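Subject: Structure handover

Hello,

I am passing this structure on to you, with notes on what was found in it. Please read the notes with the model open beside them.

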Amino acid sequence: LGGLLYDAPRLRKHALTLFAAVCLLGGALCAWGLSQEPESITLAAIYTGGVVLGLGQGGAVVSCRAAASRVGDDEAFAQGVLAAAANLAAFGAKSLSAPVALYFGDYRAALAMLLVVQAFSLLAAATVAPAPTNAPPSPIIRRASSGSCFSTWGCQFLRSERFWLVALCHAIFVVVFKVFENFSSAILKTIYGYDVEKAGFVAS
């Protein structure tokens, strides 16, 4: 979905702002649900917010990677810098959330901090200058304009066995990594006796 929206010529310059706004909406729903007493409506808000946040985050990642791929000969380096920045941000979020919650005596302080960061992300996305409209269209834009990818197997790469092999390997890696990532801090806390701050720092 994120790739299709980014490839659409009329939506591309607004795609990152849209995805950042979706992230903020999903984060706000999750934060509101987590800050309330556990009821059916709050659980629904948490789950809905998680889905919305995931959609926005996925679209934002696609948009950032697509923008980095347009830098020409330095594309690989740009992708590396993008990945490094994302990893540093994830490290900061995981290692700082517990100390902030403990400092203020309420986990809702950490949720508020995350919403502020998301708001800054939206502001940054809204101030990014769009690509010049008089620039020659890239192959991605030409392909999106033709609408070939909207038909079954219309995109050339979808007929490539190598693409599907890479996609499968990537999916397996992400599943294994996310499972470990989500449970590693809990394992360190419950089995090895780490406190919340140390478990979050080591897991990040």
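The sulfur of Cys64 has its closest cysteine sulfur in Cys23, 9.8 Å away, which is too far for a bond. A disulfide here is a pair of cysteine sulfur atoms within 2.5 Å, and by this rule the count is zero disulfides. Cys64, at 28%, is partly exposed, and Cys23, at 12%, is buried.

Some notes on the source: this is a predicted model, in which local features need pLDDT of at least 70 and side-chain atom pairs count only at pLDDT 80 or more, while totals for chains, interfaces and linings use all residues. Residues are numbered from 1 along each chain as its sequence is written, and side-chain values use heavy atoms, with hydrogens and water left out.

The chain as a whole

Helices (H or I, at least four residues) and strands (E, at least two) are DSSP runs, numbered from the N terminus. The chain has eight helices and zero strands. Of its 204 residues, 22% are buried. Contact means heavy atoms within 4.5 Å. Among contacts between residues at least 6 apart in sequence, 54% join residues at least 24 apart.

Helices H2 and H5

Helix H2 covers residues 12-35 and helix H5 covers residues 107-127; they pack at an angle of about 170°, with their axes 9 Å apart. Axes are lines fitted to C-alpha atoms, for helices over the stretch in contact, and angles run from 0 to 180 degrees between N-to-C directions. H2 and H5 are therefore roughly antiparallel to each other, a label for angles over 145 degrees; under 35 counts as roughly parallel, 65 to 115 as roughly perpendicular and the rest as oblique. Cys23 is among the H2 residues that make the contact, as are Leu16, Ala20, Leu24 and Gly27. On the H5 side the residues include Tyr107, Arg108, Leu111, Leu115 and Gln118. By class, this contact of H2 with H5 has 15 nonpolar, five polar and one charged residues. Ala, Val, Leu, Ile, Met, Phe, Trp, Tyr, Cys and Pro count as nonpolar, Asp, Glu, Lys and Arg as charged, and the others, Gly among them, as polar.

A glycine in H3

Gly49 lies in helix H3, residues 40-68. Gly49 is buried, with 0% relative accessibility. Leaving aside neighbours within four places in sequence, Gly49 is in contact with Gly26, Leu29 and Cys30.

Ser95 is buried, at 12% relative accessibility. Beyond four places in sequence, Ser95 is in contact with Gly200, Phe201 and Ser204. The side chain of Ser97 reaches the backbone oxygen of Ala93 at 2.5 Å. Not counting residues up to four places away, Ser97 touches Ala110, Met113 and Leu114.

Regards

Note on methods:
Buried means under 20% relative accessible area, exposed over 50%, partly exposed in between (1.4 Å probe, protein chains only). A polar contact is a pair of N or O atoms within 3.5 Å; within protein, one must be able to donate a hydrogen and the other to accept it, and residues adjacent in sequence count only if both atoms are side-chain atoms.
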